[in-house]
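Let us take a walk through a protein model together. Keep the picture open beside you and turn it as you read.

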Amino acid sequence: MLCLFLLLVPTLQAQEDYELKVTILKKVRDKVPEQEKEALKQEVELINERVSRGELTAEKAAALKEEAARKRALNIENRLAILDNKIELLERNKGQILEDSIGIKVFENGVGVSIRVNDKPWTIFERKNKIPKYDRRTYSDFVMALGLNNALIEGQSLDDSPYKIVGSRFFEIGWAWRTRVFDRSNFMRINYGFSFQFNGLKPRDNQYFVTEGGQTSLQDFELDLDKSKLRMDNLVFPLHFEFGPSSLTKSDDRIRYSLENHFRIGIGGYAGFNLGTRQKLKYDRDGDSVKDKLKRSYNTSDLIYGLSAYAGFDGVLLYVKYDLNPIFRDAAVEQRNISLGLRFDL
């Protein structure tokens, strides 16, 4: 009896799996008309909004509504046919059907790609059925910038800077959103987001940073330095007013603005706070190579704020930023960070 029970368990399990699949498919089938009707309702609302804005005449709107209704009716017919065939195939073969290892599958609210691993389906991509927004006012970009970094010191020119011009660099990485200001013009946008800034200063003449009595200054190092660098890591929130032309593409269900191959300029600033400051020293002592990584405050400003601007074509822009806050708090001579480089909106 035990052996018979063990033989029946896989059969019973397969029967339950097949019946569950059929039940799920029937529930999905029942929802198809409701989903398509809701989608049609959203399309009609978008058309009515365009009429109220004066973008469509009543005759054109009526034609678009008729076309949308015809499309949704065909969608219902096709989706029901697909589900009916699937249900019939499962019922006729009691669930024992051959399936592709990789293929496009129809889900309850969209389509996707699935694979079979150990005879079990795994969804690796699924796209929901959504009505595209007619007028998309906000876009987003991954932002990266890099270039030269230095300091403007009170009473000195940049030529007299104690920091190496080429050796001092900055790097910035973040995310930005771009929102159109006016309803029917994309000439002016607000560009905002967040960025991680890494500002580096490399002293000249074998010097390094020392904090004594609440003052941070440069002093000569006792040995020959192979490397001396101070790095300030900041989290800031930029805000720019951006200007420039764009290309408009328009169709029955959407309008989109593109900045590709167009000139643009942004003017604004940023504010945030310092995440940490560290100094790296590399030198030889008694024939041994020594690397010191010193993470201290070095009396650097906690609050970061400044002015910035960019200009260029498409996603490649000349970029400049200037800290209004001093690099070191309570310094006898104030220093302010300045950067010049390239910004990439990807």
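This is a predicted model: local features need pLDDT of at least 70, side-chain atom pairs count only at pLDDT 80 or more; totals for chains, interfaces and linings use all residues.

Residues are numbered from 1 along each chain as its sequence is written, and side-chain values use heavy atoms, with hydrogens and water left out.

Begin with R50, which you will find in helix 1, residues 2–52. Helices (H or I, at least four residues) and strands (E, at least two) are DSSP runs numbered from the N terminus. Is R50 buried or exposed? It counts as buried because its relative accessibility is 5%; buried means under 20% relative accessible area, exposed means over 50%, and partly exposed lies in between, with a 1.4 Å probe and protein chains only. Now look for A61: R50 and A61 are 11 residues apart along the chain, and 8.5 Å separates their C-alpha atoms.

Next, find strand 4, residues 138–153. Two strands pair if DSSP finds at least two bridges between them. Strand 4 pairs with strand 5 (residues 169–180) in the antiparallel sense, over 11 bridges, and here F142 stands opposite W175. Strand 4 is also joined by 11 bridges to strand 16 (residues 335–345), again running antiparallel; in this pairing I153 faces Q335. As you look along such strands, remember that in a regular strand the side chains alternate between the two faces of the sheet.

Another antiparallel pair is made by strand 10 (residues 247–250) and strand 11 (residues 255–258), with four bridges. A hairpin of four residues links strand 10 to strand 11, and T249 has R256 as its bridge partner.

Finally, turn to the surface. Charged patches are made of residues with over 30% relative accessible area and no salt bridge, with like charges joined within 9 Å. A salt bridge is a side-chain nitrogen of Lys or Arg within 4 Å of a carboxyl oxygen of Asp or Glu. D224, D226, D284, D286 and D288 form a patch of negative charge. Among them, D286 sits in the loop between strand 12 (263–285) and strand 13 (288–295), and D286 is exposed because its relative accessible area is 77%.

Which residues form a positive surface patch? They are R169, K227, K282, K291 and K293. K282 belongs to strand 12, and K282 counts as partly exposed because its relative accessibility is 31%.

Definitions and conventions: Patches are made of residues with over 30% relative accessible area and no salt bridge: like charges are joined within 9 Å, nonpolar side chains (Val, Leu, Ile, Met, Phe, Trp, Tyr) within 5 Å. Accessible areas come from the Shrake-Rupley method with a 1.4 Å probe; for residues, only the protein chains shown count as cover. Lys and Arg count as positive and Asp and Glu as negative; His and the chain ends are not counted. The place of a charge is taken as NZ of Lys, CZ of Arg, CG of Asp or CD of Glu.
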